[in-house]
Amino acid sequence: MRINLLLKGCGIFCILAVLVSCSSSSSTNVNPYAAVIAEGRAAVSDAITETGATAVSVALVDGDRVVWSEAFGTANKAVGKNADRTTLFGICSVSKMLATVSTMILVDQGLVSLDAPVTTYIKNFTMPLDQRYRNITVRMLLNHSSGLPGNDLRGAFSTEPFPGYAAQAMDGLTYQRLKHDPGAVSAYNNDGFTMIENLVKAVTGQEYQDFVRHNILTPLGMDSSRYLTASLQAGTYAASYNGNDLQQLYFLNAYGSGGLFSTPEEMSRLASMFINNGRYGSRRILSEQSVAAMAQDQRQDTFNPVPYESYRFGLGWDTMAQPGLAAVGIAAWQKTGDLNGYYGANITVLPGEKLGVVVLGASNTFSSGQAVKISERILLRALVERGRIPAMPNLLSTDSLPLKAVTAEEKATFTGNYASSYGTFRLNFGSDDSLTVEEYTTAWGPKFSSFMLRSDGWYAADGAPTTGLRLLVEGGRAYFAYRKPDGYGHYYLATLFGQRLDAKPSISAPWQARIDEKWLPVNNDASILILSKSASNFDLSAISGLTGYLRGKNILRDFSAPSVERLDGMFLFMADGIRDFVDVGMETWYGQNWLRAGSYLYRPLSGVSSLTAGVSTVTIDNNGFAEWRVLPTSGSVAFSGSGTTHWFLYDAGLKELASGTASGSPSFSGAGSHYLVLFGPAGSAIGLNLATP
């Protein structure tokens, strides 16, 4: 395979060398990008070695020309297809650039104003639990400052296309509150770009994907790029592998926030459009004013005491000051994307240099971080070759800095418990002034150990000076920040990592009782549930040594509100560390307390009926909720009639044993009860026959 890749690369290299030389006045055929291409190939090779990536594809743009495009690896092992320049990859959150361009097209047409409330355009958008939603503007959807919970995954991935995801996600917001006042904090937020889908439809009457096709993809000649409204043929896209195991590609229904499939060569046309101030060839896609507006720093007036430079948000862009290029004095805009276990993506544009690069990769270990490393090496080498920087930058020093004394006040201020979307932590100081951070998973365990305060104000361990922690107080709240080297390795990235938790009263008796309950999903569609190989149940748990808080789905909940019906998941105030939080509350259904977490609805296992031996009928209620039944330790169950569309059988630990549609007769045995969940149209009847030993 290595020989094939080198031959394929050589073929592309030679063709491009001729194309470039034809546009040059030089009488020689020396490719001015030879060193850049060599650097890019080496970077890809390093990434493949490091991650085991099965496919990587790259395109480099100079002005309106693709000067290098090459694919590496395998598109599909089963059909024997190597990746090539036409191989599609999931571009993941780089899809947000299409949502932003769509919005700016409407701004250019005078149909939308960035600073108008979203409710101006989407009349049925409402959040009755939090009236601050009326203050969310269109701009806030695009710069991650809306305060929306962050990421409603119900229906985002499925085994069948689900074009109604965006409307469903908006409906789910009726059960939610905002994380903060609109505009106060910018924290990465997929919900905002899903709302752009609803905005486009409300303003134009077109489905979002149709608007994108007509106004962006077709004018840019991105004819292969597509949303997954239908299956992709094997070999046409880069399949993701976990080792040698093919990972099934599901439908990505969150089109605005992460659903597009494309190639680097086609995405490079989007880069060229930005490089050329909104034009691609003779076609204007955006006004110069809209391109400039997208590149304005949106975090200047938000709470951001430790800026995470990879998220110095523009509109759509993750950062309008890409840190690896900013470190050498070059302005660059960047957008990354990840679908964990499948794809990593990056697009970077250097508007002043007329350069752009797109890197896409596939495997269960390739991430946008790897795509950024490759992109930076390509662009840095291009800057060296142009004489814009003298040499590739030096890597960060590994010399430890001198120690600094820790005050008693600092120890008292920062010793305690912390939380964020990164986890739950506990900070302590040793007798030698060393800082230790523990993390809670199922028990407390070490996260960082023996970090000492250094002369630059950061705590770092001996022998590992590039990883650091910083303690700070902002707005009357105590935080700790975390930094590490990133990209090519010549700069740090730092971000707030945890907010100190206030002492809270003990958890009330009703919620204490709910800790011991298992909560089973009822409003997932079968095509969603089939992905997980588990029941996707919800559990609440207490944290040893931490009073007044509960954990659910790995996110901390504060029980400081007087209501016994809601937990507050929106009590943290920090940039970046409040991603994807939701409210948790209780609702009454059929005389039982059911749990609502975001748009997901769960019923208690204790309220589920047991299935008795012999023939019986289960009726799907008028809400279409999934029906659960408890099964004995062993037996078999047969299905009859046409009422069921899907069924799933789980063991005592709620791990999937079997699944099917409409028919089947699965058997089961083992310790503990088993569980059956049935899906069907509202009001349909499902016949069952349980046989026991």
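This report describes a pocket, a sheet and several salt bridges in a predicted model.

## The second largest pocket

The second largest pocket has a volume of about 320 Å³, and its lining is made up of 20 residues, of which Asn 523, Asn 524, Asp 525, Asn 623 and Gly 624 lie nearest its centre. By residue class, the lining of this pocket divides into seven nonpolar, eight polar and five charged residues.

## A four-stranded sheet

Four strands form an open sheet in the order E33-E38-E35-E36, with antiparallel pairing. Strand E33 (627-631) and strand E36 (656-660) are the edge strands, each pairing on one side only, and neighbouring strands of this sheet are turned against each other by 15° on average, direction ignored.

The antiparallel pairing of E33 with strand E38 (residues 674-679) runs over five bridges, and Trp 628 stands opposite Val 677 in E38.

## Salt bridges

The model contains 30 salt bridges. In one of them, the side chains of Arg 132 and Asp 130 meet at 2.7 Å, N to O; Arg 132 is partly exposed, with a relative accessible area of 28%, whereas Asp 130 is buried, at 8%. Lys 201 forms a salt bridge with Glu 207, with the closest N and O atoms 2.8 Å apart, and here Lys 201 is partly exposed at 40% relative accessible area, while Glu 207 is partly exposed at 32%.

A further salt bridge joins the side chains of Asp 297 and Arg 312 (2.9 Å, N to O), with both residues in the loop between helix H10 (288-294) and helix H11 (323-326), 15 residues apart. Asp 297 counts as buried at 16% relative accessibility, and Arg 312 as partly exposed at 22%. Elsewhere, salt bridges that share partners join Asp 62, Arg 65, Glu 353, Arg 386 and Arg 388 into one network.

Note on methods: Residues numbered from 1 in each chain as written. Predicted model: local features only at pLDDT ≥ 70, side-chain atom pairs only at ≥ 80, totals over all residues. Heavy atoms only, no water. 1 Å grid on protein atoms, 1.4 Å probe; cavity = no way out; pocket = protein on both sides within 12 Å on 5 of 7 lines; lining within 4 Å. Points joined across faces, edges and corners; volume = space filled by probe spheres on them. Nonpolar A, V, L, I, M, F, W, Y, C, P; charged D, E, K, R; others polar. Pairing = 2+ DSSP bridges. Helix = DSSP H or I, 4+ residues; strand = E, 2+ residues; numbered from the N terminus. Axes fitted to C-alpha atoms, helices over the stretch in contact; angles between N-to-C directions. Salt bridge = Lys/Arg side-chain N within 4 Å of Asp/Glu carboxyl O. Buried < 20%, exposed > 50% of the residue type's maximum accessible area, 1.4 Å probe, protein only.
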